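Dear colleague,

Please find below the structure that I am handing over to you. My notes on what was found in it follow directly after.

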Amino acid sequence: MARISAACSFVVVNKACRGASSMNLSAFSNENFDAKEWINHAFQAPEAQENKEAYASEVAFKLQLFIQEMNSALEETAQQVQQNLPRVLREVETMQQEAALLKLQMAAVQKDIAKVEQDSSTSMRTLLELDTIKLRMLDANKALREADNWTTLSADVDQVFQSGDMQAITERLVGLQTSLEILVDVPDYEQRLQKLESLKNQLEAMLSPLLVQAFTTQSIEAAKSYVRIFADMRRMPQLLKYYHNCHRNKLVDAWRKIVDSEVDDTFLEWLNNFYDVLVASWHSQVTWCNQVFPDPPAVFILSDVVVDALSNLDPSLQFCLEAAMKQQKSSTVYLTEVLQVSEQLCKSLGHSISTANPDFMSSPHVVALMKSVFSMFHPHLENYDKLEEKCLLGELSLIPTQSDDIRDSVTLLSDSVSKVFGLAKEAEKRCSRHLHGCSYPELLKAIKALFRTYFDRCHAVLVQLKSSSKLDELDSWTMFQYALKCMQTAGEISIQLAAFDKSITANIKTALKQLHIQKSTFDGSDEATEDKKGNILNDHCTLLLPSVMQRSLRDFATQVHLEDFVAFPESTRAIAKLCSEFTKFTFDTVFAEVQRHFSGVPSLKVWSLENPDGVLTTDLPAFSISPMEYITQIGQYLLTIPQHIEPFIVEENEALSTALKHSSLPHVIEGISTDHVADYLLGCVAQATMYTYIDTVMQIEKLTRQASAQLATDISYLCNVLDDLGLPPLESLQHLVALLKCPPEKFTATAVGKPNQLVQTVRMMRGIR
């Protein structure tokens, strides 16, 4: 009804517009009609400008006419709708009746279809059963024909064999084989199968000499004919076995010939010659097998042959390698040389295999081939730490570090540092370059043993220094120079060890990354192993290491990836201890002279001389207010120390500074860095001198007035010397001077604020009550 109303409105408006064509009345049908806008627009016409009132009257008149026409049009349209509505209702009712009829017809059709399906299913089952019966009858007919064919073919099979015609024999056996496939359900199937296999074995025995001859002479045509025969008999695995044994024996005989004819050559030369034969044979046989054998690929066939040949060599490669290593001075160096030869073989074979098909490099046959080449190294790599340790200690024994003459020992020890770390670096290079880092865990054990032995020898030099010092074989300054030299050597060892530890740790992490043994391996991710699956030559762990060592390497990698990993923790602690011991000896050496001068001070008679009149007796030493000889000697000694240290600190001496950092010297002055070697050592000696001086003074039993003044002068002299050296005197020493200088009557006042023990000791010495 809404559509009808809209249509009526449209018609009415059109009629009204035709009646008032001189006006734009279409705007009245717009949904957004605005009366003001329409009036303003209407009065913009030129005629409206001349007389607006007349124009307004005209417009109003036209609108009234338009309204009348609209009313007439509405009435006319309403009458037409009223007349047509009964006809529309009748047509709608007719359509409803037709739809109901169509629904009934569709239901009837659906019932007919269901009935047809039900009736036809029984017929289809019957047809299928008939077809099955037909097929069984055909099979039975065929079996009967084949049974008759088996009887016919097997009747004169012995005569065919006696004829020696290989082609006819093969055709007869193929016919029997085809017949037997049909007769699989006959009662005597097993007997017939055994008979057929017996005939095949008979033919194979007849062909055996010919096969060996064809494979030995490399006759392609003959070999192809035998391939066809064995393929027809479905015995290709047996044919490949003949080829396998023939070529394996050829390689084994080649090795035996090399060993027997080249007795004077070394194992390495034998191995090179045998590998040359092996590579040449590989290339020729790949071409030959590709022409003769359709399947499997020639690479797989030859890989199995070489694996079998390598495991049956007499003498075995493992036996020869072990015997050869026993004759070497450096077994690990020799081991890496043999390893290089084997790697070159694998690279040559790998290049040939990759050229044929890159995917072959990950096949089980090729993997087994490459592993068999390296299998002779497994026992030695399992003991690589012991082999490398023996090698390193043997080379270390050739480096002198000690002599009967202490002067030579000091020089030899200093010269040995670079040589020893050169040995460690060469060992690390062997492991990284030739073993691809697979034996890093074992290498670290060997290098630790090297350092442990070397540090023991360094300690032996220290013992020698101490023994020489006790025997006073050298003057104190010479011994001090030697001690400083050894202390510098220990510091240099510490520096070299730290650098080597850092370097080898970085190299280990790089090697583990290249071996695809990273953190992701231990997180359960397979990303790290994706690329090594493509080429077995990239999987050095699998080639070089047995499974136990592979697990050990993974455990080692877990430790390496820890942030606080240190390659040589025990060695680091050992050299720190050695630095401390050498530093302590250096300090003891330079301080021994001070102690010697102090040793007799408490028992000097000058402290107890009584002379009320102020006149000294003739048998007493000269006595004045000037410092006594013992303290002046100590002062001069302290002033000389920097001169003896100076040769070591012309340039920045990192080694001495490092040794001092590891030391635990007594009486260290706060604020002085170990980077300033002379100041640090001199400060320690000066502090120890002052503390010792105080302890020495405390041992004096009695001081006369003159002795107190003398002692105060001596202490003041030492304070002046320390001042010249830029070192502050101890506060206790200054207190002691004040207590010694003050008159007895002012002692109590002077003692205020000073340590009670010091005050009481001085009071007793001076006899003040």
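Ile 517 is buried, because its relative accessible area is 6% (buried means under 20% relative accessible area, exposed over 50%, and partly exposed in between, with a 1.4 Å probe and protein chains only). This residue is found in the loop between helix 19 (476-514) and helix 20 (519-522); helices are DSSP runs of H or I of at least four residues, numbered from the N terminus. Ile 517 and Leu 553 are 36 residues apart in sequence, and their C-alpha atoms are 8.5 Å apart in space.

Please note that this is a predicted model, in which local features need pLDDT of at least 70 and side-chain atom pairs count only at pLDDT 80 or more, while totals for chains, interfaces and linings use all residues. Residues are numbered from 1 along each chain as its sequence is written, and side-chain values use heavy atoms, with hydrogens and water left out.

Helix 24 (residues 629-645) has 17 residues, which at 1.5 Å a residue should span 24 Å; its end C-alpha atoms are 25 Å apart, which agrees (the expected span is 1.5 Å times one less than the number of residues). A kink of about 25° lies at Leu 639, shortly before Pro 642; the bend at a residue is the angle between axes fitted to the seven residues ending there and the seven starting there. Among the buried residues of helix 24 are Tyr 630, Ile 634, Leu 638 and Ile 641. The buried residues of this helix pack against helix 19, helix 23 (569-599), helix 26 (677-698) and helix 27 (705-724), where contact means heavy atoms within 4.5 Å.

A search of the whole structure finds eleven salt bridges, each being a side-chain nitrogen of Lys or Arg within 4 Å of a carboxyl oxygen of Asp or Glu. One of them pairs Lys 448 with Glu 570, with the closest N and O atoms 3.8 Å apart. Lys 448 lies in helix 18 (residues 440-470) and Glu 570 in helix 23, so the pair ties together parts that are 122 residues apart in sequence. Lys 448 counts as partly exposed because its relative accessibility is 23%, and Glu 570 is likewise partly exposed, at 41%.

Helix 23 also holds Glu 593 and Arg 596, three residues apart, about one turn of the helix. Their side chains meet in a salt bridge (2.4 Å, N to O). Glu 593 counts as buried, at 18% relative accessibility.

Yours sincerely

Conventions. Helices (H or I, at least four residues) and strands (E, at least two) are DSSP runs, numbered from the N terminus.
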